[in-house]
Amino acid sequence: MERSTLKRTSSIPDFEPVKSLRSTLILQPKAGSPLLMLIAEEYGCRIYNPEDGRVYEPKSDFSGYRFLGSSGKWFLVVDSRMKLYIIDVFSEKRIDLPPLESFKGSHFKIWREGEENVKHMVMDDEDPFCDEFPHAAEDLRGRLWVDDKNGNYVVVWQFEMYPFLGFCRTGDDHYREIPTELEVQRELRGLNDMVLKGYNLYVYATREFIRHLDLSGQDEDGFKDVSEKHRLPMWMPSMTMKERERMKQKRSIPSNKGIAVTRAGQVLVVFTYDLGTSESHRMFHLYKRDPKDLDPKTLDTRLLEVHSLGDEALFYDLGITVPADHTLGIEPNSIYFTRDDRICHNKLSCLDIGVFNLATKTVKRFHGLSNFNFNDAQWFLPS
């Protein structure tokens with residue numbers, strides 16, 4: 001396997017001076033070892049290695065890109081001209097993706113408006129004066145999956161809060177449409193979060209059902225709905241009085257709900273709490289469906305809390321679990337997090353980096369990061 005390399009930067013507390021102080025020390029990351037992509041809008045990106053506590057500089061200049069998602073060493077990015085790419089952050093390899101205006105669908109149309117904007121509208125023969133909605137790079141959200149064996153990829157993106165997705169696969173010259181409202185079963189409409197795992201797209205719908213789409217299809221639409229048929233939503237279990245009192249004492253404030261998918265393909269609901277002035281800042285609760293929910297005789301359903309991930313770790317930026325491995329620095333029964341609103345942003349969005357241990361309910365911090373100025377960060381697992 002090709003070894004990836006990065007140059008080490010100085011440990012000065014700003015990205016800008018680092019440009020003139022490059023080191024010859026090379027990072028050769030272990031395949032599957034967690035790294036942090038640190039992103040500064042003005043100066044590009046750096047990569048933090050928690051194993052040695054150092055920050056490294058990529059070979060290429062990635063300033064001007066917004067980092068939407070990752071898979072292995074590959075990142076899905078968009079530039080200021082609203083052009084999408086897949087880049088290898090350890091080399092100069094780049095895959096140019098189809099232009100957004102290549103989007104083909106039966107409900108929506110996209111076209112370019114100037115150098116840095118695109119617009120979309122609903123195609124409605126009965127209303128020739130449909131509203132037009134402009135978009136800039138800041139509006140894009142996305143997920144990426146790249147096959148480590150053959151390099152095949154899937155890209156899914158969305159203009160935040162709008163009722164459709166676009167996706168493409170290796171070799172496509174355009175994006176296909178996935179409606180999230182029109183012609184979608186009532187329970188499966190909307191999008192609060194999404195996870196891409198291989199050719200499987202999991203959408204956390206507005207009514208708290210899971211929409212599961214297979215994107216490997218070769219038909220005209222390119223996807224197939226393979227969702228389980230649940231009658232009732234994924235309702236949270238009721239708290240006991242003791243639990244309510246404990247949450248009150250910790251000043252726990254519900255922050256966000258998202259989803260993650262385990263190695264076995266089980267969907268978990270990830271509930272995040274902010275802990276006010278606590279040093280831990282963040283707490284997580286995981287839930288799963290009760291198997292009896294598929295029984296038609298079930299009249300009520302509540303999620304079951306997952307108290308342990310066992311020998312797996314959850315990388316919330318990716319929405320997946322991976323095997324724990326101490327030799328790679330992946331801690332068991334832990335959640336690696338940066339922010340909990342990567343797909344649908346909260347009004348008060350907060351970047352908060354750490355590793356949450358489900359057993360001890362404690363958070364591991366990386367205090368050396370406080371010396372650097374950056375706007376965003378993402379955990380990733382280079383292959």
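I began with phenylalanine 62 and tyrosine 65, and found both buried (under 20% relative accessible area; exposed is over 50%, partly exposed in between; 1.4 Å probe, protein chains only). The model is predicted: local features need pLDDT of at least 70, side-chain atom pairs count only at pLDDT 80 or more, and totals for chains, interfaces and linings use all residues. Residues are numbered from 1 along each chain as its sequence is written, and side-chain values use heavy atoms, with hydrogens and water left out.

I then ran the ring search. Rings of Phe, Tyr and Trp (its six-membered ring) pair if their centres lie within 6.5 Å; planes under 30 degrees apart are stacked, over 60 edge-to-face, the rest tilted. The count came to 25 aromatic pairs. Phenylalanine 62 and tyrosine 65 form a tilted one, with 6.3 Å centre to centre and 40° between the planes.

Lysine 109 lies over the face of tryptophan 111, 5.9 Å from the ring centre.

Helices (H or I, at least four residues) and strands (E, at least two) are DSSP runs, numbered from the N terminus. Phe380 took me to β30, residues 376-380, where five of five residues are buried. Asp376, Gln378 and Phe380 point one way, Ala377 and Trp379 the other. In a regular strand the side chains alternate between the two faces of the sheet. What pairs with β30? Strand β3 (residues 35-40) does, in the antiparallel sense, over five bridges; strands pair if DSSP finds at least two bridges between them. Leucine 36 has tryptophan 379 of β30 as its bridge partner.

The rule is a side-chain nitrogen of Lys or Arg within 4 Å of a carboxyl oxygen of Asp or Glu. How many salt bridges does the whole structure hold? I found 18. Asp376 turned up again, in a network with Asp317, Arg339 and Arg342.

Aspartate 88 and lysine 73 meet at 3.4 Å, N to O. Aspartate 88 is in strand β8 (residues 84-88) and lysine 73 in the loop between β6 (66-71) and β7 (74-78), so the pair ties together parts 15 residues apart in sequence. Both residues are buried.

Aspartate 225 and arginine 211 form a salt bridge too, with the closest N and O atoms 3.9 Å apart. Aspartate 225 lies in β20 (residues 224-225) and arginine 211 in β19 (residues 210-214), so parts 14 residues apart in sequence are tied together. Aspartate 225 is partly exposed at 35% relative accessibility, whereas arginine 211 is buried at 5%.

Is arginine 176 buried or exposed? I noted buried, at 14% relative accessibility. Arginine 176 forms a salt bridge with aspartate 172, closest N and O atoms 3.1 Å apart. Aspartate 172 is buried as well, at 18%. Beyond neighbours within four places in sequence, arginine 176 has contacts (heavy atoms within 4.5 Å) that include Phe103, Lys104, Asp219, Glu220 and Asp221.

Conventions: A charge sits over a ring if NZ of Lys or CZ of Arg is within 6 Å of the ring centre and within 35 degrees of the ring normal.
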